[in-house]
Amino acid sequence: MREIKFYNSAYFKFVIIFILLGIIPIMCVSILFYFRFSSNVDELTKSSYQQRNYYIEKNISEILNSANDILEYSYEFSNDDYEYFYEALKDDTNKHYQIRLNAIYQILRDMKNRSNIISSVRFVDEKGQVYVSFANQGKTIKTGSEFYNGVGDLEVSEYRHLFIRPGVFEGDYCINSEDYVFTLARNYMDVSSVRKIRTDILGTFYIDINENAIDEIVSLTEDTDTMTYVVDVENKTIIYSSDENDYSKDTLPMYGISSITGESGMYLSGQKRVFYEQIDDSDCYVCSVINESLVTDKVFRNNINIFVVLIVSTVLVFSLYITISRRMILPITEVVQGMRRVQAGDLDVSVEVYTGDEMEYLAEGFNSMVESLSHYIDQMYMAQIRQREAELDALKMQIQPHYLYNTLDVIRMTAVENNDTKTAGLLLSLSRQLRYLLANQGDIVCLKDELSNIQNYFVITRVRYSNLYSLTIQVPDNLMNLKVPKLILQPIVENAIKHGLRSREGRGSVEISASIIEGNLQIIVMDDGVGIDKDIVAKMNEELSDMSYKFDENSPFGVGMKNVYDRIKYYCGDNYGYEISSYLGMGTIVKFTLPINGEDDNDVESNLS
């Protein structure tokens, strides 16, 4: 035996295979995750903050829509003295001044009470008179500070629709307040005529919204690393800030809001990353601002973790593999050395391997083989003698059937000479059955031979059961030469007589028919016996198709029926076999489905194999 070099050894090959199929794939997957995570972190972060902004935007939109509905309520105002609010505003008589004043304050109170997020409602009429209603009765406007938060900076004509003004500290223009608010402004038009509704402004409503309402929405996102703003891009103002300290700054942080375009998106402003979402169709946007370092640090930490896990797992797996492979290779080496000694003629070799696995089993097998090798050498001549004896036994087996046939013929001829025709007929049928069973004609026969064997079997059956049972065969002549597996009908017929006909009183019959159905040969064996319960029939069909089925005392059928089913599957294929159906008190039907095969035995057996 030639010397095996290290680079040709199993150990070296195992190491190479491990590197190629283990370490390299792990490294490739880790590197792939490294780059995929780095490339996807921006998209994942953007998606997360877009969902956050979308949630905040929808809730703020509801606040604005609610405020807009409250402002529209002024057009529905009515009381005992004025049917509409504009009538009170246009009543210039001193006589009705107090009634007019009460009507204005009444609608301010009604508007204020429609929402708990309203801090105050102010109204400035066309003469500049200011009316105020606070949610907290302890609050009072500071003198000359009605427009401290800049609501008076714009021309009144600009408030055609709902207008949002920046957030401020309410205490700067109101006594007894620690709240932060932003203001919604909208003109009140003269709706007394179609012409005036577009041109005549009777005053302007200002609703201060407590920014705690937005704080509650933002707090539900539970993100302490994010600053949240509501900005007016058109006027470059901040409506809301999640950091109250921003309101005390001379210049509020804008974070490059001029970069905002479209309905939603993301941009970088210095070391900040800004995600934005438009509020309805307005010029206002919800902005989430985070430090760029949060994203880059997250990527860096994840990449470090991937790298550490890669290195540690590679070292551990490689060390484990070296240990395991050595444990596997050393026993192989022991066996190889033992084989070399045997090759040199030493039959006293014994390999000691105690691994508790297949290698130990292999070593035990090798020791057993070496131990038995000398015995095999000694028994070589004995094996040759046994072979010759087997050949002689085979010759005897060929002689014995012929002797049996000849003996039966002698007995039959003796019965004929003594005019015992009944006994002669029985012997003839038995002889023909034995010839059919023992004849060396292969496992595939013509259908006519299989039917002839059934007829011979029934000759004996009629005598045995006093002609109680009859056999009917209805098979067209053109089907007689089709090939079928040998001895598939007799076990079925025997079962029909034993379990079907014998269990009933009186006469009975068995009918065999054959036809071509959907390109297959269909043979039906039908009896008019006692029948079988449908649950038992279902169990029989199921267990017949189970190739691993093992017989026991509870088996619903005999070995012969299972043998027939399995042989049909073996010779004809999985698409063929037979199926049992039965009806209690009426009888049982066994339907065979077989392939159509011709007369040439060689071709038939070739096709069926």
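## Two loop residues with positive phi

The model is a predicted one. In it, L487 is found in the loop between strand 15 (483–485) and helix 11. The phi angle of L487 is near 60°, a positive value in a residue other than glycine. Most residues other than glycine have a negative phi.

## Helix 10 against helix 11

Helix 10 (residues 447–464) packs with helix 11 (residues 490–501) at an angle of about 30°, and their axes are 10 Å apart. Helix 10 is therefore roughly parallel to helix 11, since angles under 35 degrees fall in that class. The crossing of helix 10 with helix 11 is right-handed.

On the helix 10 side, the residues in contact are E450, N453, I454, Y457, F458 and T461, and they meet Q490, V493, E494 and I497 in helix 11. Sorted by class, this contact has five nonpolar, three polar and two charged residues.

## Helix 12 against helix 13

Helix 12 (residues 534–544) and helix 13 (residues 559–572) pack at an angle of about 50°, with axes 10 Å apart. Helix 12 is therefore oblique to helix 13. Their crossing is right-handed.

Helix 12 contributes M540, E543 and L544 to the contact, and helix 13 contributes M561, K562, Y565 and D566. By class, the contact of helix 12 with helix 13 has four nonpolar, no polar and three charged residues.

In soluble globular proteins, nonpolar side chains tend to be buried together. The largest nonpolar core in this model has 44 residues, of which I523, I568, Y578, F592 and L594 touch the most other members. Helix 13 supplies the largest share of this core, with six residues. Which residues are in contact with Y578, leaving aside its neighbours within four places in sequence? They are I492, L544, M561, K562, V564, Y565, I568, V590, K591 and F592. Among these contacts of Y578 are L544, M561, K562 and Y565, which also take part in the contact between helix 12 and helix 13.

A second, separate core has 43 residues, including Y86, I118, Y131 and A213.

## The chain as a whole

The protein chain contains 14 helices and 19 strands. Of its 609 residues, 39% are buried. Among contacts between residues at least 6 apart in sequence, 62% join residues at least 24 apart.

Key: Residues are numbered from 1 along each chain as its sequence is written. This is a predicted model: local features need pLDDT of at least 70, side-chain atom pairs count only at pLDDT 80 or more; totals for chains, interfaces and linings use all residues. Side-chain values use heavy atoms; hydrogens and water are left out. Axes are lines fitted to C-alpha atoms, for helices over the stretch in contact, and angles run from 0 to 180 degrees between N-to-C directions. Helices (H or I, at least four residues) and strands (E, at least two) are DSSP runs, numbered from the N terminus. Angles under 35 degrees count as roughly parallel, over 145 as roughly antiparallel, 65 to 115 as roughly perpendicular and the rest as oblique. A crossing is left-handed if the near helix is turned anticlockwise from the far one by less than a right angle, and right-handed if clockwise. Contact means heavy atoms within 4.5 Å. Ala, Val, Leu, Ile, Met, Phe, Trp, Tyr, Cys and Pro count as nonpolar, Asp, Glu, Lys and Arg as charged, and the others, Gly among them, as polar. A nonpolar core is a set of buried Ala, Val, Leu, Ile, Met, Phe, Trp, Tyr and Cys residues joined through side-chain atoms within 4.5 Å. Buried means under 20% relative accessible area, exposed over 50%, partly exposed in between (1.4 Å probe, protein chains only).
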